[in-house]
Amino acid sequence: MGLRPRSPHKAGRRFPAGSKRGRGAKGSGRPPPGRRRPPCPPPDRSSEPALDAHPHLSPEALGYFRRALSALKEAPETGEERELMVHNVLKEVEAQALALATNKTGSEIMQELLGFSPLKPLCRVWAALRSSLRSVACHRCGVHVLQSALLQLPRLLGSPAEKEEDVEEEENGKDGPLETLEELVLGLASEVCDDFLFYCGDTHGSFVVRTLLQVLGGTLLESERARHRGSQSPDAQRAPARECKPTDFEVPETFLNCLQDLSSCFLKDIAVFITDKISSFCLQVALQILHRKLPQFCAHLCNAVISYLSSRNSSADGSPLLLFLRDQTSSRLLEQVLLVLEPLRLQSLFEDHFQGQLQALAAHPIANFPLQRLLDAITTTELLSPVFEELSPALEAVLAQGHPGVVIALVGACRRVGAHQAQVLLLLLEAFHCAEPSSRQVACVPLFATLMAYEVYYGLLEEEGTVPAEHQVDMAMARALGDVTVLGSLLLQHLLHFSSPGIILQSLGALTGPQLLTLAQSPAGSHVLDAILTSPSVTRKQRRRVLKTLKGQYVALACSRHGSRVLDAIWSGAALGARKEIAAELGERNQELIRDPFGHHVARNVALTTFLKRREAWEQQQGAVAKRRRALNSILED
């Protein structure tokens, strides 16, 4: 809201939710009954494309490939007929590879077709594109085809065909043996290395460099997988990026050697990769891969970046590094550097460049993001203590400036390291104006969840300097829970994992049934309930005390997209007595649950029909489940 920091009990405040910074299944027709055959090949596929112009893909050819893809999707997943169909279609792809790759619709079809390709047909298609690598890699459609080809490596590397010594001769009159997939990848890396600065600086070519770095390192990063538009399974396409984790796969030793050689190219023009927006993305990806696979070289690259930035002209208020922390491009690179630095190097970087500047960085619209990454990287008390001492007096000011991410990151560091937890909780209560009088502390959960100060949330008018009013329980119970923010939910999740989350649990216990239901039904708030169920700091008795408020709300919970997931989690950890209560309440409105798109899954999970018709069998079944769960828990504890 652009408000300046103020005294703790000035007129109420709604804390801004946080500033943002920009980041740069097709249906298929049913084939006719009977034996499935690939569509007839396109009429004209003999002409060779000119080197300086992309060949034209005829409508007939495009129609053929579209029908071929549809037929492959409908065909059985295995069998000789499918193998023959794939082989024939990919021969046509090979013949018109460049025309397909540089056509918008054709490239999308080609990406999906490559997902069906066995090893040798993929190598042939790759070889067909190799002579036009530069034009394809820097083409807005062709680049995605190259990415898709590279991303087939986890599936095809090391397959039996790759290990055969006798490689077949290429067909259709072409001379010479077919290169192996390993040779093709190394050849691509060699060509990129020869003109490294060009490919990294090109808007489209940089995507090829980033994907190549991941393939050479045997690691697919979540951000790059989410960005890629190539062939994926339907489940992978639907999965949110945040649910994806970096995926490792085996690569030959030659790939790791090539990765180091390719990454050495960054050192030759380090200034460009720090300051150029497009090129910087390639260096950021390289740091992530090297951190996982070649940590010593990653440290060398980080030192080169820090040394270059530290050698520039000093800023008026301290280290020259501070200038780059405030720059849109170089600050992103520094975020990645902070995340991959070793603890000792991170400590020295803080002491040399960050110490004494944290509050100024927290207030800056760009520099607060690298500061958050610094906080995310803290793993030792030696580093957390001076950071906390410097930042803690400014928590309310940082919230008022619209940078709650800094506060969340600091609380996360306290949770991770296990230090300063009581202090940061007290500071949060003061920042949200619910520390004094102590009766207000019971209202902290709605305030934290919505990122609103006490007076704003409850609509009070308090003059500066007046004594804060006592908390009114009736007023709190009558007010519906406000909109839960993502950052507010993260804050509560961290606090519930503190060693002593008593104040948070008391506030949760003070919520009414409808208020707790609203929290559980919220996309962000439902994760607060997850934290209650999973935090090792919350005892079983405390958990039951909070969750009993949901009694009478189970049907509404079951019929909600996010609430049903929460109810499933509650059910998984519930004892037999609690399960009986839940099932009895759900059973009263069984038909409503069965008709609901979310409720019928809950009814099936609870075995509600069995509960209503064969209670004794249901109890035996649930008792056996509980017994197995106790046995598993005892094994895990041992």
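**Notebook: salt bridges, a helix face, a charged patch**

I looked up Arg373 and found 16% relative accessibility, so Arg373 counts as buried, the cut-off being under 20%. The model is a predicted one. The side chain of Arg373 meets that of Asp376 in a salt bridge, 3.0 Å from N to O. I placed both residues in helix H23 (residues 368-377), three residues apart, about one turn of the helix. Asp376 is partly exposed, with a relative accessible area of 32%.

I then went through the other salt bridges; the structure holds 13. Glu179 and Arg130 pair at 2.7 Å, N to O. This pair links distant parts of the chain, 49 residues apart: Arg130 is in helix H5 (residues 119-130), and Glu179 is in the loop between helix H9 (160-163) and helix H10 (181-194). I noted Glu179 as partly exposed at 30% and Arg130 as partly exposed at 27%. Arg130, Glu179 and Glu191 are linked in a network of salt bridges. Arg589 and Glu592 form a further salt bridge at 2.9 Å, N to O.

Next I checked helix H37 (residues 561-573), where the buried residues are Gly563, Ser564, Val566, Leu567, Ile570 and Trp571. Down the axis of H37 they fall within an arc of 160°, so they line one face of the helix. Arg561 and Gly573 are exposed on the other side of H37.

Last, I recorded a positive surface patch formed by Arg540, Lys541, Arg544, Arg545 and Lys548. Lys541 sits in helix H35 (residues 540-547) and is exposed, with a relative accessible area of 55%.

How values were computed
Residues are numbered from 1 along each chain as its sequence is written. This is a predicted model: local features need pLDDT of at least 70, side-chain atom pairs count only at pLDDT 80 or more; totals for chains, interfaces and linings use all residues. Side-chain values use heavy atoms; hydrogens and water are left out. Patches are made of residues with over 30% relative accessible area and no salt bridge: like charges are joined within 9 Å, nonpolar side chains (Val, Leu, Ile, Met, Phe, Trp, Tyr) within 5 Å. Accessible areas come from the Shrake-Rupley method with a 1.4 Å probe; for residues, only the protein chains shown count as cover. A salt bridge is a side-chain nitrogen of Lys or Arg within 4 Å of a carboxyl oxygen of Asp or Glu. Lys and Arg count as positive and Asp and Glu as negative; His and the chain ends are not counted. The place of a charge is taken as NZ of Lys, CZ of Arg, CG of Asp or CD of Glu. Helices (H or I, at least four residues) and strands (E, at least two) are DSSP runs, numbered from the N terminus. Buried means under 20% relative accessible area, exposed over 50%, partly exposed in between (1.4 Å probe, protein chains only). The arc is that of the directions from the helix axis to the C-beta atoms.
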